[in-house]
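This report describes parts of one protein model. Look at the sequence and the structure first, then read on.

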Amino acid sequence: MTTRVPSAVDSADRPGRPAWTDDPGGTDEPGGTDGTDRLGRADWPSLTDELNAYGCALTPRLLSTRECREIAELYDEAERFRATVDMARHRFGSGQYRYFNRPYPEPVQRLREAFYPRLLPIARDWAEKLRRPAPWPDTLEEWLAMCHRADQARSTAILLRYEEGDWNALHRDLYGDLVFPLQVVIGLDEPGTDYTGGEFLLVEQRPRAQSRGTATVLRQGHGLIFTTRDRPVRSTRGWSTGPVRHGVSTVRSGRRHALGLVFHDAA
């Protein structure tokens with residue numbers, strides 16, 4: 001099981017990767033910089049290389065401490081959500097998550113719109129390698145309109161809460177026939193301070209080989225881009241499909257919140 005722990009030092013040591021400020025004071029960067037600006041300045045060739053190699057890639061910090069806390073506190077405002085899922089009841093693990101109602105909170109909508117055009121070239125490249133259709137148009141608005149015409153009209157942005165002892169079973173967030181092949185999770189609490197355990201897990205079934213697992217410590221305000229369903233994996237016969245599932249390891253102490261950004265709507 002590979003464990004990935006992000007840090008400013010680690011980023012600085014990688015060729016071609018910038019060292020990102022962790023914003024310890026909980027304020028945005030000088031000059032009014034927000035998460036979408038930071039996303040635009042990320043090293044996307046390196047992020048793409050990591051996605052192609054591991055099926056996941058860590059982003060720079062996208063949300064300040066204050067923004068993370070404000071989003072996490074929304075969990076207790078039930079009117080903001082269309083549904084609450086008890087994971088134990090459905091044998092998904094232990095813990096809860098809630099699907100936001102529309103309209104989404106401004107930071108959630110802003111990040112969804114900023115990520116989509118950045119992820120679109122990767123999605124199209126993967127489809128070409130796997131000789132699949134690439135139905136995704138140039139804008140998120142057009143893509144969601146396609147989902148709605150296919151009776152996938154329910155919101156899918158998720159706020160998750162894990163208490164001590166909670167965990168999330170390995171799964172895929174598909175929701176219907178129309179699927180965007182990449183999604184994002186953003187940490188809203190600081191590991192080691194607000195909670196322990198709770199690593200993000202990705203397990204890939206490799207062609208004619210044992211499965212490979214990757215565990216990521218998701219720091220507050222940072223995002224992890226990861227594979228929704230499967231991805232192209234190079235093999236002796238060219239490109240093969242590598243099915244992928246994701247989950248969360250057991251939270252040993254404290255409380256863990258995360259924001260999930262899925263780029264297709266649900267049936």
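## Helices on the sheet

Helix 3 (residues 44-54) lies across strand 2, strand 8 (182-187) and strand 12 (222-227), and runs at about 150° to strand 2. Helix 4 (residues 65-73) lies across strands 2, 6, 8 and 16 (256-261), at about 85° to strand 6. Helices (H or I, at least four residues) and strands (E, at least two) are DSSP runs, numbered from the N terminus. Axes are lines fitted to C-alpha atoms, for helices over the stretch in contact (heavy atoms within 4.5 Å), and angles run from 0 to 180 degrees between N-to-C directions.

The model is predicted: local features need pLDDT of at least 70 and side-chain atom pairs count only at pLDDT 80 or more, while totals for chains, interfaces and linings use all residues. Residues are numbered from 1 along each chain as its sequence is written, and side-chain values use heavy atoms, leaving out hydrogens and water.

Seven strands form an open sheet in the order 2-12-8-16-6-5-3, with antiparallel pairing. Strand 2 (56-61) and strand 3 (81-86) are the edge strands, each pairing on one side only. Two strands pair if DSSP finds at least two bridges between them.

Strand 5 (residues 96-100) and strand 6 (residues 158-162) are joined by 4 bridges. Within this pair, Arg98 has Leu159 of strand 6 as its bridge partner.

## Asn168

Asn168 is found in strand 7 (residues 167-171). Asn168 counts as buried because its relative accessibility is 9%, and buried means under 20% relative accessible area (1.4 Å probe, protein chains only).

Key
Buried < 20%, exposed > 50% of the residue type's maximum accessible area, 1.4 Å probe, protein only.
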